[in-house]
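Me: Could you walk me through the contacts in this model? I would like to ask about them one at a time.

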Amino acid sequence: MVAEGRQRIDKWLFFSRAVKSRSLAAKLVVAGRVRINRDKAAQASDLVRAGDVLTITLERRIFVWKVLGTGSRRGPAEEARMLYEDMSPPPAPKGEAVADAIPALRDAGSGRPTKKERRETDRLFGDD
């Protein structure tokens with residue numbers, strides 16, 4: 001029996017268009033990629049309600065969504081956006097390195113020679 005104002009996490013993820021199917025939503029939850037209020041969701045049958053904060057890890061992105069309500073169907077994207085408030089940090093620009101990234105151990109270009117450089121060396125030293 002489902003309590004009023006609550007919904008299974010796999011249904012909610014499907015209705016909010018976070019995933020393409022309920023079975024994918026269930027796999028996502030079982031894999032430990034969904035947290036409800038900082039606690040790992042253990043089963044697809046875990047319940048969410050308005051006010052819960054979900055942390056979802058999808059394809060190198062982390063989404064932080066606040067649940068605003070439960071859904072009744074998988075509708076258009078505009079309807080799905082009414083189910084949550086996106087509190088995710090903005091993605092890092094592609095050209096910039098992440099602040100926690102490890103710096104390069106050697107200077108650029110000081111690694112293995114390129115094919116062009118190998119050919120020039122062969123031509124200079126007469127290696128055939």
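Me: Which residues do ring pairs link into a cluster?

Reply: Rings of Phe, Tyr and Trp (its six-membered ring) pair if their centres lie within 6.5 Å. This is a predicted model, in which local features need pLDDT of at least 70, side-chain atom pairs count only at pLDDT 80 or more, and totals for chains, interfaces and linings use all residues. Ring pairs join these residues in a cluster: Trp12, Phe63, Trp65 and Tyr84.

Me: How many aromatic pairs are there by this rule, and what is the pair of phenylalanine 14 and phenylalanine 15?

Reply: The rule gives a count of five aromatic pairs. For phenylalanine 14 and phenylalanine 15, the ring centres are 5.9 Å apart and the planes are at 45°. Planes under 30 degrees apart count as stacked, over 60 as edge-to-face and the rest as tilted. The angle of 45° therefore makes this pair tilted.

Me: Are phenylalanine 63 and tryptophan 65 buried or exposed?

Reply: Their ring centres lie 5.6 Å apart with planes at 50°, so this pair is tilted. Buried means under 20% relative accessible area, exposed over 50%, and partly exposed in between (1.4 Å probe, protein chains only). On that scale, phenylalanine 63 and tryptophan 65 are both buried.

Me: Which residue in β3 is the bridge partner of isoleucine 36?

Reply: Strand β2 (residues 34-36) pairs with β3 in the antiparallel sense, over two bridges. Within β3, the partner of isoleucine 36 is aspartate 39.

Me: Which residues are linked with Asp10 in a network of salt bridges?

Reply: A salt bridge is a side-chain nitrogen of Lys or Arg within 4 Å of a carboxyl oxygen of Asp or Glu; residues are numbered from 1 along each chain as its sequence is written, and side-chain values use heavy atoms, with hydrogens and water left out. Aspartate 10 meets arginine 8 at 3.1 Å, N to O, and arginine 22 at 3.3 Å. Arginine 22 lies in helix α2 (residues 22-30) and aspartate 10 in helix α1 (residues 9-15), 12 residues apart. The network links Asp10 with Arg8 and Arg22.

Note on methods: Pairing = 2+ DSSP bridges. Helix = DSSP H or I, 4+ residues; strand = E, 2+ residues; numbered from the N terminus.
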